[in-house]
Amino acid sequence: MAWKVSGRSLELCSCNAWCPCWLGPQEPPDKGWCRAILAYDIKSGNSDGVDLAGCRVVLMANWPGNFFEGNGTARLFIGDGASADQRREVEAIYSGTKGGVLEAVFGAVISNWRPAQVASINIAWGDKPTISVDGVGQVLAAPYGDDAGNQVTVSGAAAQGAFQMKSMVLANGRESSWSDPEIGDWQGNSCTLHTFDWAA
């Protein structure tokens, strides 16, 4: 059951500027509901002897209210470059069925899992990161910052503690749209960038 993954990640949701759900269960999302993606680019990792370096996975979810209130519906999209063994392990880790931080978080807030799908996932980091899932959606993230190049960062938010993230960069994700018949259609705005380093 042992696994470890680390890399870079991006969160995008339907709220404006910065999603209130990061602050805890007391804040309602801007539209009363929250639809989001969480994209993970695994730079290094291993699960029960299967090397996971280079795997990509995007979780797409719909919550009827604040993230912390749960009752979410979600689907995993796994990059088509992954082998069958890698897909099996990545799906187990990121659906939370293999223990660790994601079991604690997603087990509490996602009630309905739709079947995982294999898809072409493209990720480019850099000054304005881009992520796309073929036939599903794309995001262009423009980090907020000043003229000196300093980016806006946040630490200490409740959801950061849940995901074991020390800090994150705030970004504009307006040039984004996502569509899944079982998750919903929406355009993004609130966007955050982070790193992850998890093990169980």
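Me: In what order do the 5 strands of the open sheet lie, and is the pairing parallel or antiparallel?

Reply: As a general idea, strands of a sheet pair through backbone hydrogen bonds, either parallel or antiparallel. Here the order is β8-β9-β10-β14-β15, and the pairing is antiparallel. Strands are DSSP runs of E with at least two residues, helices are runs of H or I with at least four, and both are numbered from the N terminus. Two strands pair if DSSP finds at least two bridges between them. Before going on, please note that this is a predicted model, where local features need pLDDT of at least 70, side-chain atom pairs count only at pLDDT 80 or more, and totals for chains, interfaces and linings use all residues. Residues are numbered from 1 along each chain as its sequence is written, and side-chain values use heavy atoms, leaving out hydrogens and water.

Me: How many bridges join β9 to β10?

Reply: Strand β9 (residues 130-133) is joined to strand β10 (residues 137-140) by 4 bridges, and the two run antiparallel. Within β10, Leu-140 is the bridge partner of Thr-130, and Gln-138 stands opposite Ser-132. The hairpin of β9 and β10 has 3 residues between the strands, and Gly-135 takes a positive phi near 80° there. β10 also pairs with strand β14 (residues 177-180), in the antiparallel sense over 2 bridges.

Me: What are the buried residues of helix α2?

Reply: In helix α2 (residues 101-109) they are Val-101, Leu-102, Val-105, Phe-106 and Val-109. Seen down the axis of α2, they fall within an arc of 90°, so they line one face of the helix; the arc is taken from the directions from the helix axis to the C-beta atoms. Ala-104, Gly-107 and Ala-108, on the other side of α2, are exposed.

Me: Which residues have the most contacts inside the largest nonpolar core?

Reply: A nonpolar core is a set of buried Ala, Val, Leu, Ile, Met, Phe, Trp, Tyr and Cys residues joined through side-chain atoms within 4.5 Å. The largest one has 42 residues, and those with the most contacts inside it are Val-5, Tyr-40, Tyr-94, Phe-106, Phe-163 and Trp-198. Apart from it lies another core, of 23 residues, including Ile-37 and Cys-191.

Me: How many aromatic pairs are there?

Reply: Rings of Phe, Tyr and Trp (its six-membered ring) pair if their centres lie within 6.5 Å; planes under 30 degrees apart count as stacked, over 60 as edge-to-face and the rest as tilted. By this rule the count is 11 aromatic pairs. One of them is tilted: Tyr-40 and Tyr-94, at 4.8 Å centre to centre with 40° between the planes. Tyr-40 sits in strand β2 and Tyr-94 in helix α1 (residues 84-94), 54 residues apart. Both Tyr-40 and Tyr-94 are buried. Tyr-40 and Phe-196 form an edge-to-face pair, 5.4 Å centre to centre with 90° between the planes.

Terms used: Buried means under 20% relative accessible area, exposed over 50%, partly exposed in between (1.4 Å probe, protein chains only).
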